[in-house]
Amino acid sequence: MMRTPIWPDGRQDSFMSQEMILAKQCEDESYWPTMRRIFAHDFDTLPKERFKVWASVWNVPFVHSHIPQEYVWQYMNALRTSSDADTYAAAVEEPLIGCTAGDFRDYLSLFSDSMANATRVQHLSHLLICGYTPEILRSMNTIVEMGTGIGEMPDIIYKLGFRGRYVIFDLPEVSRIQQWYHQQLGHTDITYTSDPDQLDAADLCIATWSFTEMPFDLRAKLMKRLNRSKSWLIAYSNMIFGLDNEKYMRETFVPSLKGRRYKTTTIPVPYMPWNGGTNYLSVRSTY
């Protein structure tokens with residue numbers, strides 16, 4: 001069995017591995033073009049049954065072995081106080097698809113006495129912090145997520161009771177990983193696209209550190225299709241790749257929402273102080 005993490009071409013000193021390391025160190029506009037090449041290469045050459053421990057997946061990172069304690073508190077509080085505690089616990093369980101039991105135990109588990117996956121707990125916490133309960137999710141017909149990582153959030157949301165159509169907008173090289181993963185999980189109601197023109201307004205749009213890492217011109221194309229959506233859950237860094245997201249969210253994004261009255265709430269994330277600080281923006285239609 002290949003040692004963890006699994007580097008491109010199986011070696012940390014390979015050309016692709018070194019290119020990835022340099023891109024992470026620079027973290028500029030060349031980062032995602034580089035990672036697209038590496039994800040395409042890895043998908044074609046590395047064992048997909050262990051994709052959660054690919055070095056490229058860790059590099060972004062799409063999976064987490066350690067998460068801020070505040071997310072653990074959110075999850076534990078939900079288990080203690082919510083009538084949906086059993087649903088939450090089931091939603092964050094590692095399905096052992098994309099990793100071995102040893103991979104999960106050594107790198108992805110959150111607690112020694114359960115199958116709670118750290119990445120899934122963080123994703124669930126995004127929903128909890130912004131108030132998206134199973135009851136609310138069950139009332140929705142369409143969800144659009146932009147930048148879905150390996151695809152944990154759709155599986156969590158379906159396990160919380162959502163029964164509608166889930167649409168993922170992402171890079172095609174990353175969508176290949178998501179589609180493989182979701183096929184193993186048995187999902188059949190997920191649409192994958194890299195074309196903004198294939199998107200339409202939804203009951204909920206989700207973008208955690210994704211929409212706000214895209215170039216402004218791509219954001220504008222997305223908003224032409226999505227600006228009448230009923231609600232939004234966005235997590236963003238105030239500054240990333242030289243992009244001023246704090247200004248963008250205030251002066252461009254919120255004014256571009258159309259067709260409804262909205263309540264917007266900014267929730268600071270003080271435990272993520274890098275890149276100028278981090279916030280959630282929660283947007284809800286009031287009618």
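This is a predicted model: local features need pLDDT of at least 70, side-chain atom pairs count only at pLDDT 80 or more; totals for chains, interfaces and linings use all residues.
1. **The largest pocket.** The volume of the largest pocket is about 1300 Å³. Its lining counts 45 residues. Nearest the centre lie W32, V60, F62, W209 and E213. By class, the lining divides into 23 nonpolar, 14 polar and eight charged residues.

2. **Helices at the largest pocket.** Three helices each give at least two residues to this lining: helix 2 (31-45), helix 7 and helix 10 (172-185). Helix 2 contributes the most, with four residues.

3. **H126.** Helix 7 spans residues 118-129 and holds H126. Is H126 buried or exposed? The relative accessible area of H126 is 1%. The cut-off for buried is under 20%, so H126 counts as buried. Leaving aside residues up to four places away in sequence, H126 touches Y71, M153, T208, W209, L233 and Y280. One of these contacts, W209, is also among the residues nearest the centre of the largest pocket.

4. **The second largest pocket.** Here the space is about 160 Å³. Which residues line the second largest pocket? They are Y132, I136, S139, M140, N141, D203, K230, S231, R284 and S285. Three are nonpolar, four polar and three charged.

5. **A charge over a ring in that lining.** Y132 and R284 both line the second largest pocket. The charged end of R284 sits over the ring of Y132, at 4.2 Å from the ring centre.

6. **Aromatic pairs.** The model has 18 aromatic pairs. One of them joins F51 and W54, with 6.3 Å centre to centre and 75° between the planes. That pair is edge-to-face. F51 and W54 are both buried.

7. **W232 and F253.** Why is the pair of W232 and F253 edge-to-face? The planes stand at 85°, and the cut-off is over 60 degrees, so the pair is edge-to-face. The ring centres are 5.0 Å apart. This pair links distant parts of the chain, 21 residues apart. W232 is in strand 5 (residues 231-237), and F253 is in helix 12 (residues 245-256). Both residues are buried.

8. **The ring cluster.** W232 and F253 also belong to a cluster linked by ring pairs. R219 lies over the face of Y248, 4.5 Å from the ring centre.

How values were computed
Residues are numbered from 1 along each chain as its sequence is written. Side-chain values use heavy atoms; hydrogens and water are left out. Buried means under 20% relative accessible area, exposed over 50%, partly exposed in between (1.4 Å probe, protein chains only). Contact means heavy atoms within 4.5 Å. On a 1 Å grid over the protein atoms alone, a cavity is a set of points where a 1.4 Å probe fits but cannot get out, and a pocket is an open set with protein on both sides within 12 Å along at least five of seven lines; lining residues have an atom within 4 Å of a point. Grid points are joined across faces, edges and corners, and a volume is the space filled by probe spheres set on the points. Ala, Val, Leu, Ile, Met, Phe, Trp, Tyr, Cys and Pro count as nonpolar, Asp, Glu, Lys and Arg as charged, and the others, Gly among them, as polar. Rings of Phe, Tyr and Trp (its six-membered ring) pair if their centres lie within 6.5 Å; planes under 30 degrees apart count as stacked, over 60 as edge-to-face and the rest as tilted. A charge sits over a ring if NZ of Lys or CZ of Arg is within 6 Å of the ring centre and within 35 degrees of the ring normal.
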